[in-house]
Amino acid sequence: MSNDNPPADHVFVDDDKPGSPIEENLKSRATWMRGLFMLISCALVSVAFAAGSLIVVLGFFWVLFTGAVNRQVQQVGLSLANYIYNVARYLTFNTDEKPFPLGGEWPAGSKTDAKQD
């Protein structure tokens with residue numbers, strides 16, 4: 001090899017230049033904290049999906065045996081759906097607001113949001 005093109009393992013770093021954006025992102029505590037919160041949120045949304053499945057089954061059997069929709073089950077389902085939506089928005093970088101329990105409050109399933117028949 002010539003002196004004009006040194007081998008890749010002999011790269012010289014100029015400490016006077018500011019770090020590259022990738023380097024700064026890798027060293028950013030905020031980026032790593034967001035990653036940790038994202039992992040926790042993924043675990044929590046998995047639990048929420050399992051609870052949602054139980055609510056779906058409970059709601060189905062309630063209608064099957066009584067012929068009417070249980071409004072409490074409907075409100076819990078709406079609240080859980082809002083929570084999953086909030087987590088999805090956080091995980092996809094559409095908001096910086098952390099979902100419950102990491103920062104925000106549990107979303108209420110308001111009657112105005114529910115479709116009234």
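These questions and answers go through a predicted model of one protein chain.

Residues are numbered from 1 along each chain as its sequence is written. In this predicted model, local features need pLDDT of at least 70 and side-chain atom pairs count only at pLDDT 80 or more, while totals for chains, interfaces and linings use all residues; side-chain values use heavy atoms, with hydrogens and water left out.

Q: How do you know how many helices and strands the protein chain has?
A: Helices (H or I, at least four residues) and strands (E, at least two) are DSSP runs, numbered from the N terminus. The protein chain has three helices and zero strands, and from the N terminus on its elements run α-α-α.

Q: What makes Phe93 exposed, partly exposed or buried?
A: Buried means under 20% relative accessible area, exposed over 50%, and partly exposed in between (1.4 Å probe, protein chains only). Phe93 has a relative accessible area of 56%, so Phe93 is exposed. Phe93 is found in the segment after H3.

Q: Why is Leu44 called partly exposed?
A: The relative accessible area of Leu44 is 27%, and therefore Leu44 is partly exposed. Leu44 is found in helix H2.

Q: Which residues is Leu44 in contact with, leaving aside its neighbours within four places in sequence?
A: Contact means heavy atoms within 4.5 Å. With those neighbours left aside, Leu44 is in contact with Tyr83, Phe100 and Pro101. From Leu44 to Ile84 the C-alpha to C-alpha distance is 9.2 Å, and the two are 40 residues apart in sequence.

Q: What makes the peptide bond between Phe100 and Pro101 worth a remark?
A: Most residues other than glycine have a negative phi, and most peptide bonds are trans. The bond joining Phe100 and Pro101 is cis, with omega about -5°. Pro101 lies in the segment after H3. As for phi, Phe93 has a positive value of about 60° although Phe93 is not a glycine.

Q: Which residues form the largest nonpolar core?
A: A nonpolar core is a set of buried Ala, Val, Leu, Ile, Met, Phe, Trp, Tyr and Cys residues joined through side-chain atoms within 4.5 Å. The largest one has eight residues: Val45, Ala48, Ile55, Val73, Leu80, Tyr83, Ile84 and Val87. H2 and H3 are the elements that give two or more residues to this core, and H3 gives the most, with five residues. Leaving aside neighbours within four places in sequence, Val45 is in contact with Ile84 and Val87.

Q: What space lies in the largest pocket?
A: A pocket, on a 1 Å grid over the protein atoms alone, is an open set of points where a 1.4 Å probe fits, with protein on both sides within 12 Å along at least five of seven lines; lining residues have an atom within 4 Å of a point. A volume is the space filled by probe spheres set on the points, which are joined across faces, edges and corners. For the largest pocket this is about 190 Å³. Of its 15 lining residues, the closest to the centre are Ile55, Val56, Val73, Gln74 and Gly77.

Q: What classes of residue does the lining of the largest pocket have?
A: Ala, Val, Leu, Ile, Met, Phe, Trp, Tyr, Cys and Pro count as nonpolar, Asp, Glu, Lys and Arg as charged, and the others, Gly among them, as polar. The lining has 10 nonpolar, five polar and no charged residues.
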